[in-house]
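Thanks for sending this one over.

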Amino acid sequence: QVQLVESGGGLVQPGGSLRLSCAASGSIFSINRMGWYRQAPGKQRELVADITSGGSTNYADSVKGRFTISRDNAKNTVFLQMNSLKPEDAAVYYCNADHVTQWGFLRNYWGQGTQVTVSS
């Protein structure tokens with residue numbers, strides 16, 4: 001089992017910044033892709049950004065140029081630096097990770113979510 005624990009959410013004014021962190025723990029063999037998703041009230045969960053173990057990144061069009069995803073492979077941690085936040089960025093942000101066991105089985109894990117509120 002792998003656990004993902006997010007931190008760093010909170011209340012920020014429009015134009016402000018937040019940095020989310022997600023640490024994976026448990027019986028970790030290898031974590032490939034890690035990513036951040038978000039879900040606003042009444043909307044579907046959507047991909048914000050993801051990153052491979054090799055450092056290749058992918059961003060939703062709505063956050064390109066404002067958000068930066070990064071990871072520390074040694075610590076099995078992924079970060080999301082969010083700048084120039086807009087009210088429409090407000091949502092619960094979820095960490096997601098693809099774990100591969102020593103036998104080659106892949107399983108996807110979710111964190112519990114962290115609230116980001118953007119309001120003046």
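1. In this predicted model, the side chains of Asp-89 and Arg-66 form a polar contact at 2.7 Å. Asp-89 sits in a loop, with strand 8 (77-82) on one side and strand 9 (91-100) on the other.

2. Is Asp-89 buried or exposed? Its relative accessibility is 0%, so Asp-89 counts as buried; the cut-off for that class is under 20%.

3. Setting aside residues within four places in sequence, Asp-89 is in contact with Arg-38, Arg-66, Phe-67, Ser-84, Val-116 and Val-118.

4. Next, the cysteines. The structure holds one disulfide, and this bond joins Cys-22 to Cys-95 with an S to S distance of 2.1 Å. Cys-22 belongs to strand 3 (residues 18-26) and Cys-95 to strand 9, so the pair ties together parts 73 residues apart in sequence. Both cysteines, Cys-22 and Cys-95, are buried.

5. For the geometry of that bond, the torsion about the S-S bond of Cys-22 and Cys-95 is about -85 degrees, so the disulfide is left-handed.

6. Which residues touch the most other members of the largest nonpolar core? They are Trp-36, Leu-80, Met-82 and Tyr-93, out of 30 residues in that core. Elements giving two or more residues to this core are strand 1 (2-7), strand 3, strand 4 (30-39), strand 5 (46-51), strand 7 (67-72), strand 8, strand 9 and strand 11 (114-118).

Notes: Residues numbered from 1 in each chain as written. Predicted model: local features only at pLDDT ≥ 70, side-chain atom pairs only at ≥ 80, totals over all residues. Heavy atoms only, no water. Helix = DSSP H or I, 4+ residues; strand = E, 2+ residues; numbered from the N terminus. Buried < 20%, exposed > 50% of the residue type's maximum accessible area, 1.4 Å probe, protein only. Polar contact = N/O pair within 3.5 Å; in protein donor to acceptor, adjacent residues only side chain to side chain. Contact = heavy atoms within 4.5 Å. Disulfide = S-S within 2.5 Å. Core = buried A, V, L, I, M, F, W, Y, C linked by side-chain atoms within 4.5 Å.
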